[in-house]
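Reader: I am new to this structure. Please show me how to read its features, one at a time.

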Amino acid sequence: MNDFTFFSPTRFVFGRGVTDRVGDELASAGYAHALVVYGQGSVVRTGTLGRVLASLDAAGIAHTELAGVRPNPEVGLVREGVTLARECGADLVLGVGGGSVIDTAKAIALGVPYEGDVWDLFVGAASPVAEGKLDVASVLTIPAAGSEASASAVITNDACQLKRGLSSELHRPVIAFMDPELTFTLPPYQTAAGVTDMIAHVMERYFSSVGPVPVTDNIACALVRALMQEAPRALADPEDYDARANVMWAGTLAHNDLAGLGRNASPAGRAGGWESHALEHELSAHDASITHGAGLAVIFPAWLRYVWADRPERILSFGRDVFGIEPVDAEADGVDVTPEEAVRDAAEATIDALQDFFVSMGMPRTLGELGVTAEQIPALLATLEQNKGAEFGDLRRITLDDARAIYESAL
Ligand code: NZQ
Ligand code: ZN
C-alpha cells in the first residue's frame, strides 16, 4: 500500500429538502453574495433555481445569476462569469447543476484574481493563486462527474478544440447540497451516463499498476456492485428515492479519491493513469453533443480489452468481486483449456459483462452510435497528443498508435 495524503474537506448536506436550506447554511458559513451559475434551463423548469434563490433571499444573501452553461462547458462563459463576479463583488460561486455547471463555477472562482485570460490556468501558462479567489459551493442536480467534491474542473476551448482539466485544492467545493429528489427529473440517458461515469471513476483507479490494496479494492468493487444494483431501480422508477440517493452518494465516493487511496503512484497524486478519460475527452471536445459518460461506455471496455493482459490479476480480481467470474480450472471442471486460455476467457467474460451492463442502461456500444467515424480519428489523435504527449497512462503506457488502435476497435 503506497503512501497518500487524503483531503476531502467538503461539507455534505445530504437528503430530502436540503435545497431549501442553502441560504441558511451559506449564511452561517459567512457568505454574503453568491454568483449563481446554472445550465440550459432544467433548473428553471423544475423549480430548483426558484427554491435556491428564495432560500438565499430568506437568509439575506445577495445573488447574481449566470445562466447558459452547456454540457462539456466552454471557456467563453467562464470569461463572462469572471467579469460578472468581479463586477457584482461575489464572495462565493454557487453552481446549481451537474459537472458542467460546477466546473464552470470552479473556473470562474480561480479566474477572478487572475489578470490574464482564465484559459491560461488550463494550459499551464499560469498557476491559480489563493489570494482573491472565490469559494465554490454546489447544489447537485445530476450525480455523475463527482465535481461536487473533486479538486478538478474540465473546460473546453472551442477555438482550439481542446478539453483540459485543471486540478487544484483551491477550487474544491466547500459545501455540496445533495438532495436526491432533484434527480427525479433526470432523463434515463443522463441517469445512465452519470452511472457509467461513476463506474469509470472507480475503474480508472482500480486498473492501475499498483496493488492489490485490499481495503481500497474492496471499497471500489462495492461501489460498482452498489451502482449495478441501484441504477436499474432508478431507471425503472425515476422517483425511487432510495435508489436515487444511493446512486447520488456513490457518485461522490467514486471520485473524492477514497476509492484509490494507497494505489496512487505519488502521495499527493491520484491513483491510475486515466487513460479512458483521456481518450473520451477528445470525443466530447470535438463534438460537444457527446455526453461524457456515454463516450466512456464505449471507450472503457475498448481500452480494457487492449490492456488487461499487462496486469491480468487486476481484471481477474475485478471479475471475481463484481461479477463472480472465475477462470475455469481445467482439471477440476473437466474441460480442455490451458491456464492462459482460462484467464483470457475470464477476462473477456468480465469485460463483456461490464459492457453489457452499460448497454442495458441505454448506453452505446460503438463509436458509430455516437456519430464518430474513422475519418475523424486523426483529428482526435492530434489533440490527444497536445493534451497528453506522445505517450501516457499507467496500466500500460499508451502511444498514439495504441490510441488509434483503441479508437478503431470501438468503431
Ligand atoms: O443544462 P441543463 O438544462 O441543466 O440540463 C442538464 C444537461 O443537459 C441535464 N440535467 C442536469 N440535472 C438535471 C438535468 N435534467 C433534468 N433534471 C435534472 N435534475 O443533464 C445534462 C448534463 O449535465 P452535465 O452537467 O453536463 O452532466 P455531468 O454532471 O455528467 O457533467 C459532465 C461534465 O463534467 C466533466 C465532463 O467531462 C463533462 O464536461 N467531468 C468533470 C469532472 C470533475 N470536475 O471532477 C470529472 C469527470 O470525469 C468529467 O470529466
Ligand atoms: Zn468522468
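Reader: How do the residues of the lining of the largest cavity divide into nonpolar, polar and charged?

Author: First, a caution: this is a predicted model. Now the general idea. Rolling a probe the size of a water molecule over the atoms shows where empty space is left. Here, the lining of the largest cavity has six nonpolar residues, one polar and one charged. Those lining residues are Pro143, Leu186, Thr191, Val195, Met198, Ala234, Arg244 and Val247.

Reader: What is the volume of the largest cavity?

Author: About 40 Å³. A search of the whole structure finds one cavity of 30 Å³ or more.

Reader: Which helix gives the most to the lining of the largest cavity?

Author: Helix 7, with three residues. Helix 7 and helix 9 (241-253) each supply at least two.

Reader: Let us stay with helix 7. Is Thr196 buried or exposed?

Author: Thr196 sits in helix 7, which spans residues 188-206. Its relative accessible area is 0%, so Thr196 is buried. Leaving out residues up to four places away in sequence, Thr196 touches Gly293, Leu296, Ala297, Phe358, Met361 and Met363.

Reader: Now the pockets. Which residues lie nearest the centre of the second largest pocket?

Author: Glu169, Arg172, Asp257, Ala268 and Gly269, out of a lining of 20 residues. The space in this second largest pocket is about 350 Å³. Its lining divides into seven nonpolar, eight polar and five charged residues. Domain 1 (17-178) and domain 2 (188-409) each give at least three residues to that lining.

Reader: Next, the backbone. Is the peptide bond from Gly211 to Pro212 cis or trans?

Author: Start with the general rule. Most residues other than glycine have a negative phi, and most peptide bonds are trans. The bond from Gly211 to Pro212 is cis, with omega near 10°. Pro212 lies in the loop between helix 7 and helix 8 (214-236).

Reader: And phi? What is the phi of Asn72?

Author: Positive, about 55°, although Asn72 is not a glycine. Gln161 is not a glycine either, and it has a positive phi of about 55°.

Reader: Where do Asn72 and Gln161 lie?

Author: Both are in loops. Asn72 is between strand 3 (62-66) and helix 4 (75-88). Gln161 is between strand 6 (152-157) and strand 7 (162-167).

Reader: Is Asn72 buried or exposed?

Author: Asn72 is buried, because its relative accessible area is 5% and buried means under 20%. Gln161 has 33% relative accessibility, so Gln161 counts as partly exposed.

Key. Residues numbered from 1 in each chain as written. Chains lettered and ligands numbered in written order. Predicted model: local features only at pLDDT ≥ 70, side-chain atom pairs only at ≥ 80, totals over all residues. Heavy atoms only, no water. Helix = DSSP H or I, 4+ residues; strand = E, 2+ residues; numbered from the N terminus. Buried < 20%, exposed > 50% of the residue type's maximum accessible area, 1.4 Å probe, protein only. Contact = heavy atoms within 4.5 Å. 1 Å grid on protein atoms, 1.4 Å probe; cavity = no way out; pocket = protein on both sides within 12 Å on 5 of 7 lines; lining within 4 Å. Points joined across faces, edges and corners; volume = space filled by probe spheres on them. Nonpolar A, V, L, I, M, F, W, Y, C, P; charged D, E, K, R; others polar. Domains from an automatic or database assignment.
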